[in-house]
Amino acid sequence: MTELTPRDEPIPAETSHFDIELDEHPGTPPPVYVDTIDKQPMKLPIIPAQFQTWHGTKQWTKAVSYRTAYRTGAHAIRSPMYLVESVWWACWGLLLVMGRQIRWVWHPELSTLLQEAATKGDLKEGRGLEAQLAHRRANRAVILGIELVATLVLVGVLLVFAPRWVLFVLAALAVPILARIGRPTGKPIISAAIVVPRYRRLNPDVVANAYYRAGLGKADKADEQITFASRMTEDNTATGMQLLVDLPHGVTFSEVVAKREKLASGLDVALSQVDITLDKSSNRRHQLWVGYVDPLSIPAGRSPLLDCKARDVWRAAPLGVDKRGRRVMLPLMWTSILVGAQPRKGKTFTARSLGLFCALDPYVRLSVFDGKGSPDWRNFALVAYTYGFGLLPDRVQGDPLENLRSTLRAAKQDILQRNAKLSELPSNICPEGKLTRDIARDPRFNMPVWVIILDEFQEYLNTGDTEFDEEIAELLVFCVKVGPSVGVILLSSTQKPSGLGSTGKVAKRFTDYRDNHLTRIALKTGSWQVSDAVLGSGAYSEGFDASALPVGDGSDGGPDYRGIGILYDAPVPNATVRTYFADGQDAEKILHAGRRYRERAGTLEGMAAGAEVAAQARDPLTDAIDAYRGDETFLSWGTLATRLAEQQPERYAKTSGDALSKTLRELKLGIESKAGAEKGRPEERPRGAYLANLRRALETRNAKDSR
């Protein structure tokens, strides 16, 4: 019979195993590992974690430099006050030293003994103590007199013969010493410039006890104890403590997430101060991070988009920072995004921040529809291909409901055409049958990334017009299901993610539309049920509850918790995010920059352009590049001017070759006028422009715009 027997001595967590002993072969066989993830002991890194990457080194250096500079500046401003206080307490310290010397001469210890002898009436002892006291006082008075004379002589010599710098050095040494003697206890002259908040430093015993109280293990059973795979250390941002925790076998990571609230209570910290991250090596190992302070009370700050540099939608958009201060970058391609929250919790600002990122990419087609008609989205008219604000028509935008219907109809048709086009393109242009960045930016294919933004989208499904509501619902469901795969992205936000629809059919389509968003962001909600409606069914059971997010807008002097949300089911790990802030003026500044980029790239179109603006928005450099045909590499200025006049007579009908040459060269992008041969006319050598030179100039300008 085969029997499993434990080893006689205790086994560390890093080398836990069982010995297998066979009946027919006595003795102790070599160990057989059953927990392969724990075979290797945890090693302290030779190079600290914060110095292992260039980014970490820069962050550490930046933090230390900031603290040093701040302390230096704060103390420099207060240095005159420090000097006055030091001199004052030094004078008081000198008096205290003199008083102590006089007290020493008076010899209070023998005086006390003499008083005790007099009280007892012991004349013999009293006379002896009196003689001894008189002798010692006389000797000490002589010593004090010699000390005083020597001090006066030394001071006089220094004042007469010593250089001035020596006096300053002696004063600089004496004043701090005397000031320290003179100042009251507990009252420093120089106070700390940076007051570090007090916190309870955690230790493994506190952490283990918190896990046991949360029901994640049992301390009295060896096979159900909590163990640690690393030492408790401060993280590289100096914002909290972290360590690797090994749960007992059979306890899963999802159980820890579900009991995070109890764990925070056991650690005696706020829920937002606890962060749990699964370790890739095992489903029972995770990293526990406990922040020193509530990280959600610290705003993420202004949006990095305020630099107004050109962006690329094929790269991730800056959403905010997580609880540990790490930047959260959200990819927008191949996804659809749902943002839900109560009113005035930052929902519109969060959605608008992503829309502003798209606005800074001149090759993104934007359609913006705001069901509530607030001023928050109005400035997107500067860049939007189509838009609609509110539900009532006006002379500027026309009928916003009809604008939405025509936009969604066009989007559906475009999605169908894109699927057909992509399937027909050769593999050297479209390798995987998917939209690529080059295809999306090439005007020949007419397949730009199209971002459709719907704020308070529930308003468009409850207009009272049943036929309209049903058609909009059908179009939305189609677009959110099929659109992301071909570059049509939907960004939707709502304050009421359930219970809408003027008919049962619309209500079902509303739910289908809501549930088919791939990425979810939930800011503060009123209940966990609403949180689950935004994040998706099952999020609450995993420990993600937007109704548990803190409340406060800063009006009472407390922290401002608006703009805090849970990012869930995104292409990046789930996280609690403090989103970046951009107010109305910031948004207007960014949108004006986005319009300029579109004008230069010649991509301003639709309602944002208008007939008159469209004519002004033409770019002679891109127009000249578009004039080349097939494999042409060189065109004379005259030929370029003729072709531009044929293509755009309203703008170039009266433009000569010399005028076109001057216009392009005055852009100061390195465009040169050179002699060359046009295709089919090798014998002639007119002056003109090479296509490669014009393309380099366009790349140079785009690079300048993106800086």
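Modeller: The overall figures come first, then the pairs, then some other spots.

This is a predicted model; local features need pLDDT of at least 70, and side-chain atom pairs count only at pLDDT 80 or more, while totals for chains, interfaces and linings use all residues. Residues are numbered from 1 along each chain as its sequence is written, and side-chain values use heavy atoms, leaving out hydrogens and water.

The chain has 707 residues, and 40% of them are buried. Buried means under 20% relative accessible area, exposed means over 50%, and partly exposed lies in between (1.4 Å probe, protein chains only). There are 20 helices and 20 strands. Both are DSSP runs, numbered from the N terminus: helices are H or I with at least four residues, strands are E with at least two. The chain exposes about 38,800 Å², and carbon and sulfur atoms supply 57% of that. Accessible areas come from the Shrake-Rupley method with a 1.4 Å probe; for residues, only the protein chains shown count as cover. Take the contacts between residues at least 6 apart in sequence: 63% of them join residues at least 24 apart. A contact means heavy atoms within 4.5 Å.

Now the charged pairs. Side chains of opposite charge can pair when their charged atoms come close. A salt bridge here is a side-chain nitrogen of Lys or Arg within 4 Å of a carboxyl oxygen of Asp or Glu. The whole structure holds 28 of these salt bridges.

One of them joins Glu456 and Lys347, with the closest N and O atoms 2.8 Å apart. Glu456 sits in the loop between strand 13 (449–455) and helix 11 (466–482), and Lys347 sits in helix 8 (residues 347–359), so the pair ties together parts that are 109 residues apart in sequence. Glu456 counts as buried because its relative accessibility is 2%. Lys347 is buried too, at 5%.

Asp370 and Lys372 make another salt bridge, at 3.6 Å from N to O. Which of these two is buried, and which is partly exposed? Asp370 is buried, with a relative accessible area of 0%. Lys372 is partly exposed, at 36%.

Asp370 also belongs to a strand pairing. Asp370 stands opposite Phe389 in strand 12. Strand 11 (residues 364–370) and strand 12 run parallel, joined by four bridges. Two strands count as paired if DSSP finds at least two bridges between them. In strand 12 (residues 386–389), Thr386 and Gly388 point one way, Tyr387 and Phe389 point the other way, and all are buried.

Lys674 and Glu672 form a further salt bridge, with the closest N and O atoms 3.1 Å apart. Lys674 is partly exposed, at 40%. Glu672 is partly exposed, also at 40%. Some salt bridges share partners: they join Asp312, Asp361, Arg437 and Arg441 into one network.

The contacts of Arg311 include Asp361 and Arg441, along with Pro304, Leu305, Phe357, Leu360 and Pro362, not counting residues up to four places away in sequence. Arg311 lies in the loop between strand 7 (285–291) and strand 8 (317–322). Arg311 counts as buried, at 16% relative accessibility. A polar atom of the Arg311 side chain lies 3.2 Å from the backbone oxygen of Pro304.

Three strands form an open sheet in the order 18-20-19, with antiparallel pairing. Strand 18 (634–636) and strand 19 (674–675) are its edge strands, each pairing on one side only. Two bridges join strand 19 to strand 20 (residues 687–690). In this pairing, Ala675 stands opposite Arg687.

Thr335 lies in the loop between strand 9 (327–330) and strand 10 (337–340). Thr335 counts as buried, at 2% relative accessibility. Leaving aside neighbours within four places in sequence, Thr335 is in contact with Pro484, Ile489, Leu490, Leu518 and Thr519.

Note on methods. Polar contact = N/O pair within 3.5 Å; in protein donor to acceptor, adjacent residues only side chain to side chain.
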